[in-house]
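Please look over the sequence and the model before reading on.

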Amino acid sequence: MSTLNFDTAVKQEEEYLRKLYPNAEDVPGCMTLFDTFISCNVISSQVKSLYRYGHMAECAHKAEDFKFCMSSKSLHPEERRDAWIRRRAEWWAQRRLTKSSEDIWDVRTEPLSNYPPPRSEAGVDAAPTID
């Protein structure tokens, strides 16, 4: 894991998200976030998560995104964009700094013994003959 700290990661994520959402209209709307939350809870998504990860999909953060959107509707569009970017940057920074499902494999420091297996001289490399 890198020596990256939370504040630096948030700044990096904010920089990226400002490019991804250059205008206030680019930020997902509340109905889009609600649809994302609902689609997380449908049976097909839950079964897929159960198959892939061994547990049901966790949709609470999607509900929180929808609630945040609803609570920020009274803000000016640019303020709402800034608040959204800050919220997502903190979420992504936290994700970057903690373990994830991709951290399950250890990097191999030396090759496996006897791999690849030696090829036998007889049979395997012999070219087929055509009569």
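## Basis and terms

Buried means under 20% relative accessible area, exposed means over 50%, and partly exposed lies in between (1.4 Å probe, protein chains only). The model is predicted: local features need pLDDT of at least 70, side-chain atom pairs count only at pLDDT 80 or more, and totals for chains, interfaces and linings use all residues. Residues are numbered from 1 along each chain as its sequence is written, and side-chain values use heavy atoms, with hydrogens and water left out.

## A loop glycine

Gly 29 is partly exposed, with a relative accessible area of 33%. Gly 29 sits in the loop between helix 1 and helix 2 (30–41); helices (H or I, at least four residues) are DSSP runs, numbered from the N terminus. Between Gly 29 and Phe 66 there are 8.8 Å in space, C-alpha to C-alpha, and the two are 37 residues apart in sequence.

## Helix 1 and helix 5

The axes of helix 1 (residues 6–20) and helix 5 (residues 77–97) cross at roughly 130° and come within 8 Å. Axes here are lines fitted to C-alpha atoms over the stretch in contact, and angles run from 0 to 180 degrees between N-to-C directions. Helix 1 is therefore oblique to helix 5; angles under 35 degrees count as roughly parallel, over 145 as roughly antiparallel, 65 to 115 as roughly perpendicular and the rest as oblique.

The contact (heavy atoms within 4.5 Å) includes Phe 6, Leu 17 and Arg 18 of helix 1, and Ile 85, Trp 92 and Leu 97 of helix 5.

## Salt bridges

The structure holds 10 salt bridges, each a side-chain nitrogen of Lys or Arg within 4 Å of a carboxyl oxygen of Asp or Glu. One of them joins Glu 14 and Arg 86, whose closest N and O atoms are 3.0 Å apart. Glu 14 lies in helix 1 and Arg 86 in helix 5, so the pair ties together parts that are 72 residues apart in sequence. Glu 14 is buried, at 15% relative accessible area, while Arg 86 is partly exposed, at 38%.

Asp 65 and Arg 88 meet in a salt bridge at 3.2 Å, N to O. Asp 65 belongs to helix 4 (residues 60–71) and Arg 88 to helix 5, so this pair ties together parts 23 residues apart in sequence. Both Asp 65 and Arg 88 are buried.

Arg 81 pairs with Asp 82, the closest N and O atoms being 3.6 Å apart. Salt bridges that share partners join Arg 18, Glu 78, Arg 81 and Asp 82 into one network.

Technical notes. Helices (H or I, at least four residues) and strands (E, at least two) are DSSP runs, numbered from the N terminus.
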